[in-house]
Amino acid sequence: MSTFDLLDAVLPSDGRYCVLGLGKYPDQTFWNTREEVEAQTQKLVANGFDAYFGCAKYGAANNRTHGNALHFRALWIDIDCGLGKPYATQQDGLDALKEFCTTIHWPLPTVVNSGRGIHAYWI
């Protein structure tokens, strides 16, 4: 799955994208097109940032607040893994996610390796 495939799958068509870079300082920007998102993501990574996208599409304000989050297409969860996190390894996190889905009779989500953890999306 490409970055664009993931964005198309989990985000609706209306609204603006949010790209968040975490590095020396947070860098949060808003964009209208996937091409702008890709360019910003490449810039952040080239400058040593971890790059993330907002899981909603946003309105005119330049923030990720509840009031500016206008459109959603997926339910998601961020599973933190590693030293000092709820799950020691990604495999532990995946095992817990599978157990959760089985227990509540949900389908398995689309899963993305977030680098140190897991992002799971029910689309």
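D27 is buried (under 20% relative accessible area, where exposed is over 50% and partly exposed is in between, with a 1.4 Å probe and protein chains only), yet D27 has no salt bridge. The nearest side chain of opposite charge is K43, 5.6 Å away. A salt bridge here is a side-chain nitrogen of Lys or Arg within 4 Å of a carboxyl oxygen of Asp or Glu. For charge, Lys and Arg count as positive and Asp and Glu as negative, while His and the chain ends are not counted.

This is a predicted model, in which local features need pLDDT of at least 70, side-chain atom pairs count only at pLDDT 80 or more, and totals for chains, interfaces and linings use all residues. Residues are numbered from 1 along each chain as its sequence is written, and side-chain values use heavy atoms, with hydrogens and water left out.

**D27 and its partner Q40**

- D27 sits in strand β2, residues 27–31. Strands (E, at least two residues) and helices (H or I, at least four) are DSSP runs, numbered from the N terminus.
- The side chains of D27 and Q40 are joined by a polar contact of 3.5 Å. Such a contact is a pair of N or O atoms within 3.5 Å; within protein, one must be able to donate a hydrogen and the other to accept it, and residues adjacent in sequence count only if both atoms are side-chain atoms.
- Q40 belongs to helix α2. Q40 is buried, at 5% relative accessible area.
- Which residues does D27 contact, leaving aside neighbours within four places in sequence? They are V19, L20, G21, Q40, L44 and F49. Contact means heavy atoms within 4.5 Å.
- With the neighbours within four places in sequence left out, Q40 is in contact with V19, D27, T29 and W31.

**Salt bridges**

- Side chains of opposite charge can pair when their charged atoms come close.
- How many salt bridges does a search of the whole structure find? It finds two.
- One links R34 and D8, with the closest N and O atoms 2.4 Å apart. R34 lies in helix α2 (residues 34–46) and D8 in helix α1 (residues 3–10), so this pair ties together parts that are 26 residues apart in sequence.
- R34 is partly exposed, with a relative accessible area of 24%. D8 is also partly exposed, at 36%.
- D50 and R116 form a salt bridge too, at 2.8 Å from N to O. D50 is in strand β3 (residues 50–53) and R116 is in the loop between β7 (110–113) and β8 (118–122), so the pair ties together parts that are 66 residues apart in sequence.
- D50 is partly exposed, at 31% relative accessible area. R116 is exposed, at 55%.

**The nonpolar surface patch**

- L75, F100, I104 and W106 make a nonpolar surface patch of about 350 Å². Patches are made of residues with over 30% relative accessible area and no salt bridge; like charges are joined within 9 Å, and nonpolar side chains (Val, Leu, Ile, Met, Phe, Trp, Tyr) within 5 Å.
- Accessible areas come from the Shrake-Rupley method with a 1.4 Å probe; for residues, only the protein chains shown count as cover.
- L75 lies in strand β6, residues 75–79. Is L75 buried, partly exposed or exposed? L75 is partly exposed, with a relative accessible area of 44%.
- Not counting residues up to four places away in sequence, L75 touches W106, A120, Y121 and W122.
- From C-alpha to C-alpha, L75 and T89 are 23 Å apart in space, and they are 14 residues apart in sequence.

**Two loop residues**

- Where is G59? G59 is in the loop between β4 (57–58) and β5 (69–71).
- G59 counts as buried, at 10% relative accessibility.
- G59 is in contact with R16, N68 and L70, leaving aside its neighbours within four places in sequence.
- G59 and N32 are 27 residues apart in sequence and 10 Å apart in space, C-alpha to C-alpha.
- H105 is in the loop between α3 (90–104) and β7. H105 counts as exposed, at 71% relative accessibility.
- The phi of H105 is near 60°, a positive value in a residue other than glycine.
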